[in-house]
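Keep the 3D view open as you read.

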Amino acid sequence: MRKSRQEAAETRQRIVEAASSRFRENGIDGTAVADLMSQAGLTHGGFYKHFTSKEHVVLESLQLAAGSLRESMEASLSRSTDVRGLNVAINDYLSLEHRDDPGSGCPFVALASELARSSDEVRDAATEGIVNLVNLIASRLTELPPAAARKKALVMLSTMMGALTMARMVNDEQLSSSILREAKKALLP
C-alpha cells in the first residue's frame, strides 16, 4: 500500500533527524546510509525514495542542526535582554554537557573538516548557519556600532567553536575542562 504524502513527509523528517544526529556523532564519512536508515527505524532500500544522494541528506540534516543550534542560542539569549543573556548563551555553548553530546550539539564543530570538503551547496548552508549565529550574537552587542558588533561577534563565535573543538579533541579531562573554562573567562565580561 502506498504511503500518504503526510506519512512520506513524516518518514523523510525522521530520516533527516536521524542523519543530523548520526552525522554529528560519527561524521559524514563515518556514517553509512544503512546506519542512518536503521536509526530512523527503516530499511536501507527506502532511502532513495526520499533523497537523490547522501549529499542531499547531509544538506538537509545540516540545515536542521544549524536551525536547532540557532533556536537554542536564541532561547539562551532571551533569558535576559542585556549582556546577561549573552553570558547565558556562552555558558551553555561552552558547557561540559554540550562538549559531551555532539549528537545534539553544534554541527559546525562536529563536522567542520568534512563540511570544508563538501559541495558548494552544503558549504553555502554552513555559511548561512554561521552568519546567522554571528548576527544573533552581534544583535546583543548593542553598545557597539553594528560593524564593530559584527566583528566582535565573529571573534566570539570563533573562540567558542575553537574551544569546543579543542575540548572534544583532547583525551585529558582536566585539560578539556580547562579549555572551556578559560574560553568562558576570555569571553565573559
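Two residues are in contact here when heavy atoms lie within 4.5 Å. Bear in mind that this is a predicted model. With that cut-off, Tyr93 touches Leu69, Met73, His98, Cys106, Val109, Met160, Met161 and Leu164, leaving aside residues up to four places away in sequence.

As a rule, nonpolar side chains in soluble globular proteins tend to be buried together.

Now look at Ala89, which is found in helix H5. Ala89 counts as buried because its relative accessible area is 5%, and the cut-off for buried is under 20%. Its contacts are Met73, Ser76, Leu77 and Met160, again not counting residues up to four places away in sequence.

Finally, turn to H9 (residues 146-169) and H10 (residues 173-187). Their axes come within 8 Å and cross at roughly 170°, so H9 runs roughly antiparallel to H10. On the H9 side, the residues that meet H10 are Met156, Thr159, Met160, Ala163, Leu164, Met166 and Ala167, and their partners in H10 are Ser176, Ile179, Leu180, Ala183 and Leu187. Sorted by class, this contact has 10 nonpolar residues, two polar and no charged ones.

Key. Residues are numbered from 1 along each chain as its sequence is written. This is a predicted model: local features need pLDDT of at least 70, side-chain atom pairs count only at pLDDT 80 or more; totals for chains, interfaces and linings use all residues. Side-chain values use heavy atoms; hydrogens and water are left out. Axes are lines fitted to C-alpha atoms, for helices over the stretch in contact, and angles run from 0 to 180 degrees between N-to-C directions. Helices (H or I, at least four residues) and strands (E, at least two) are DSSP runs, numbered from the N terminus. Angles under 35 degrees count as roughly parallel, over 145 as roughly antiparallel, 65 to 115 as roughly perpendicular and the rest as oblique. Ala, Val, Leu, Ile, Met, Phe, Trp, Tyr, Cys and Pro count as nonpolar, Asp, Glu, Lys and Arg as charged, and the others, Gly among them, as polar. Buried means under 20% relative accessible area, exposed over 50%, partly exposed in between (1.4 Å probe, protein chains only).
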